[in-house]
Amino acid sequence: MKYADVTERLAHLGGAKWEIHARARALKAEGRKVIELTIGEPDVPTPEALTETAIAAMQAGRTGYSNGRGEPNLLRALAARYSARRGRHIGPDQVMCFPGTQTTLYAVLTALVQGGDEVLIGDPMYATYEGLIASTGAAMVAVPMRPEHGFRLQAEDIAARITPRSRVIFLNSPHNPTGAVLTPADLAAIGDLAIRHDLWILCDEVYEDLVFPGARFTSPLDDPRLAERVIVASSISKSHAAPGFRSGWCVGPAEFCARLLPLSETMLFGNQPFIADMTAQAVSHPSPVAPGMARRFQTRAQMIHARLDGVARLHVHRPEAGMFTLIDVSAVSGSGSAFAHALLEEAGVALMPGSSFGAALGGWVRVGLTQPDAVIAEACERIAAFAARPMVTA
């Protein structure tokens, strides 16, 4: 039997990147005491007030069909939120709602690029981005993000890779897995490039509300020069500890949203009205859980840095946001993947290999910050002891 080309393009871009996470779950099922620091799931439950709103909406009959753009109350709430945060008017016609950020990014990229086009994206990158780009038939052009720049994508590195086929600069700020936050100067320089070469800017901002105290978030949507070429995507998965509700959106030019609508209708023909009601409530008020998460994740990142940086030749990166920190293990083991696999089997600590997030992190591992402080402390002890063993090799 024959299959569409997309199945070949995505054949090696799926669950294999999460192999260690699956192995950790299997070991736990066998009774092993495994510390799981792999995925980015909030460390608190969804606020009760939001789940109560969803339940009340279901009981009130908000379980029928919606439409391809989103429920009007949610569109208005998101327009008001972005108008207030970005300092300029954003109308409901500039918003589209989807089931989560992942679906949003898939739809947006499908509307922007196709075979023969190129998408410029920072390396490292979130594990699913390569598949999102490949699904469209466009080529991914990886732009190195360097530790000496705090893993912030630099305009000059993007410029060196722009070709006549370039169509989109794909940003993620705050960044997963590095926790880097692009500065106003970074974004201004990237915006200059986009204007000069007539490129779209797509920015995944799902960690906007998890910026650590002392850091500042800036969006490319803040720059009025970029109003007709910027699309941002987000959701309530991280900010409101509601990943299972799958409620996301994009904000961009009204013309883009009008062109995206038929694609949304073809894919989904509407989201769930009861989840839209819950999301409208969520985005209309400050998150009750995001500030606490940001403080805890920062404290845990600082703990890991204090306990492991310089120990057994490990180097710990300092994130500015998000749910993760990175450890450079290249001086201990030439391969972050080999280090992570051996650490899990021998010490019972599950970390993600940096290679799951791009070639630039081949000698690194990603550490989740969503476990309690005591668990993080125990993980640090196990990692330090394991890294000191002479048998750890590439």
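This report covers the cavities, pockets and some helices of a predicted model.

## Ground rules

In this predicted model, local features need pLDDT of at least 70 and side-chain atom pairs count only at pLDDT 80 or more, while totals for chains, interfaces and linings use all residues. Residues are numbered from 1 along each chain as its sequence is written, and side-chain values use heavy atoms, with hydrogens and water left out.

## Cavities

On a 1 Å grid over the protein atoms alone, a cavity is a set of points where a 1.4 Å probe fits but cannot get out. Lining residues have an atom within 4 Å of a point. Grid points are joined across faces, edges and corners, and a volume is the space filled by probe spheres set on the points. The structure holds two cavities of 30 Å³ or more.

The largest cavity has a volume of about 110 Å³. Its lining has 16 residues, and M145, L153, L171, N172 and H175 are the closest to the centre. Two elements, β3 (118–123) and β5 (166–172), each give two or more residues to this lining. Here, helices (H or I, at least four residues) and strands (E, at least two) are DSSP runs, numbered from the N terminus. The largest share, three residues, comes from β5. By class, the lining of the largest cavity has 12 nonpolar residues, three polar and one charged. Ala, Val, Leu, Ile, Met, Phe, Trp, Tyr, Cys and Pro count as nonpolar; Asp, Glu, Lys and Arg count as charged; the others, Gly among them, are polar.

The second largest cavity holds about 80 Å³ of space. Its lining has 14 residues, with L74, S247, N271, Q272 and A276 nearest the centre. β2 (95–98) and α10 (273–283) give two or more residues to this lining. The largest share, three residues, comes from α10. The classes here are six nonpolar, six polar and two charged.

## Pockets

Pockets are open. A pocket is an open set of points with protein on both sides within 12 Å along at least five of seven lines. The largest pocket holds about 450 Å³ of space. It is lined by 23 residues, and G40, Y126, Y207, K238 and R246 lie nearest its centre. Helix α5 (residues 100–112) supplies the largest share of the lining, three residues. The lining of the largest pocket divides into 10 nonpolar, eight polar and five charged residues.

The second largest pocket holds about 190 Å³. Its lining is A111, L112, W200, E228, P253, E255, F256, R259 and L260. α9 gives the most, with four residues. Six lining residues are nonpolar, none is polar and three are charged.

## Where α5 meets α9

Two packed helices are described by the angle between their axes and the distance between the axes. α5 and α9 pack at an angle of about 120°, with their axes 10 Å apart. Axes are lines fitted to C-alpha atoms, for helices over the stretch in contact, and angles run from 0 to 180 degrees between N-to-C directions. The crossing of α5 and α9 is right-handed. A crossing is right-handed if the near helix is turned clockwise from the far one by less than a right angle, and left-handed if anticlockwise.

Which residues of α5 and α9 make the contact? From α5 come T103, Y106, A107, V108, T110, A111 and L112; from α9 come F256, L260, L263 and M267. Contact means heavy atoms within 4.5 Å. Nine of the contact residues are nonpolar, two are polar and none is charged.

## A covered helix: α6

Helix α6 (residues 129–136) is mostly covered, with seven of its eight residues buried. Buried means under 20% relative accessible area, exposed over 50%, partly exposed in between (1.4 Å probe, protein chains only). The buried residues are Y129, G131, L132, I133, A134, S135 and T136. Their cover includes α1 (5–9), α5, β3, β4 (139–144), β5 and β6 (200–204). After α6 comes G137, whose phi is positive, near 90°.

Q298 lies in helix α11 (residues 290–308). Why does Q298 count as buried? Its relative accessibility is 18%. Leaving out residues up to four places away in sequence, Q298 touches F212 and P213. Q298 and P372 are 74 residues apart in sequence and 12 Å apart in space, C-alpha to C-alpha.
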